[in-house]
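Welcome! Take a look at the structure before you start.

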Amino acid sequence: MRRFILWLRDNPVVADSALAAALLVFDLAMARDSTHLAAFVVFSVLIPLPIVLRRIYPRAMAVTFMALSICATTIGYLVGDPTGHAALIGHGVMLYTLVAYVGRRAGLWYVLALVADAAYGMALLSGFRAGDLAFVSVFFALCWALGEFTGARRAYDAEVAARLAVADSDRERRAHDAVSAERTRIARELHDVVAHAVSVMIVQADGARFALRTDPDTTEQALVTIAGTGREALRELRRTVALLRTEHAPDQVPQHGTAGLAAVVQLMRDAGLAVELELAGELDGVAPEISLGTHRIVQEALTNTLRHAGAHPKAWVRVRRHADHIEVEVVDSGGVPVRPEDRIQGSGLGLAGMRERMAVLGGSLEAGRRPDGAWRVYARIPLSAPDRE
């Protein structure tokens, strides 16, 4: 049953077609009371049709349904048939659809159109009673309330889905950073092993060359040392290279440059964080490690804003390329922190990770609260850093 319900939600035309068919059958059941059967049947078929596409084109179908209602009233008056169409209870369905899927303003306009349609019908046709008017008012009020509930539920589900997407992205990013940190550690270990081993072998080889004829014992000892050092270095190289043999698939490598920054900002916007992005200079032509560093600073700062800022948070992201460096600035609107149960929990190592990344790139990072309560993260990344041996 759950699978069937999910399928219906993904295929709204099917469920709405069944609803339109039910309204058609309900309306045709009143055909025996009509004094002009042909006109009545035509409108019995036409009136439910907009219901079929109400969730795909809510505004257009609401206007069409209202137009059919007015036409049915007018034709009934002209042919002298005062019989009402039961399918016009679809007005409640349309009102619910507008409030739930479009917004209150569209629903209010439809209510005003309903009042005009009711006044027009009472002016042309008799048979309206105060009890009927009260019943119709309560009916439409319930439809509005149901639309409000459904709309709020849909907005909540969309925000939860967006926040889950942010949490998933954050988890994947942290996993990628953990792998990158391990690979960096292994690379440093490899560098240390090779540099140490080669240095020892060169020194011993030079000593053996000078002592080759005058001191055979010293020469032999130097050669033994060279061989032992080489074997040990070879074992270390094999172990380290085995760890580095597996590469990330291309689709697992994070997207950098302006496209990556835009993707991060859009992801945060979908999660409910209002973000303004300002990019200046050629940011797609920088070195990959600098582009990745810029990407990570913006991503971590916006994630922290989403976690810790107050209600309706907002952030401003500015990334500028200068002649010899890149400036990254992320400022949020500050405010009262959200409740702990509503936060996306992190490890608490975000700022430390950003500082470590800046240290590797030879840049600087400033992070702290400004006098107006806003939190500011500022990074300066040089485009060419000195070699670090």
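Predicted model: local features only at pLDDT ≥ 70, side-chain atom pairs only at ≥ 80, totals over all residues.

**Exercise 1.** How are H5 and H7 oriented to each other: roughly parallel or roughly antiparallel?

Residues are numbered from 1 along each chain as its sequence is written, and side-chain values use heavy atoms, leaving out hydrogens and water.

*Solution.* Step 1: find helix H5 at residues 58-78 and helix H7 at residues 104-124; helices here are DSSP runs (H or I, at least four residues), strands likewise (E, at least two), numbered from the N terminus. Step 2: their axes lie 10 Å apart, at an angle of about 5°. Axes are lines fitted to C-alpha atoms over the stretch in contact, and angles run from 0 to 180 degrees between N-to-C directions. Step 3: angles under 35 degrees count as roughly parallel and those over 145 as roughly antiparallel, so H5 and H7 are roughly parallel.

**Exercise 2.** Which residues touch the most other members of the largest nonpolar core?

*Solution.* Step 1: a nonpolar core is a set of buried (under 20% relative accessible area) Ala, Val, Leu, Ile, Met, Phe, Trp, Tyr and Cys residues joined through side-chain atoms within 4.5 Å. Step 2: among the 28 residues of this core, the answer is Ile297, Leu302, Val319 and Val328. Step 3: H11 gives the largest share, six residues.

**Exercise 3.** Where is valine 41 placed?

*Solution.* Valine 41 sits in helix H3, residues 37-46.

Note on methods. Parallel < 35°, antiparallel > 145°, perpendicular 65-115°, else oblique. Buried < 20%, exposed > 50% of the residue type's maximum accessible area, 1.4 Å probe, protein only.
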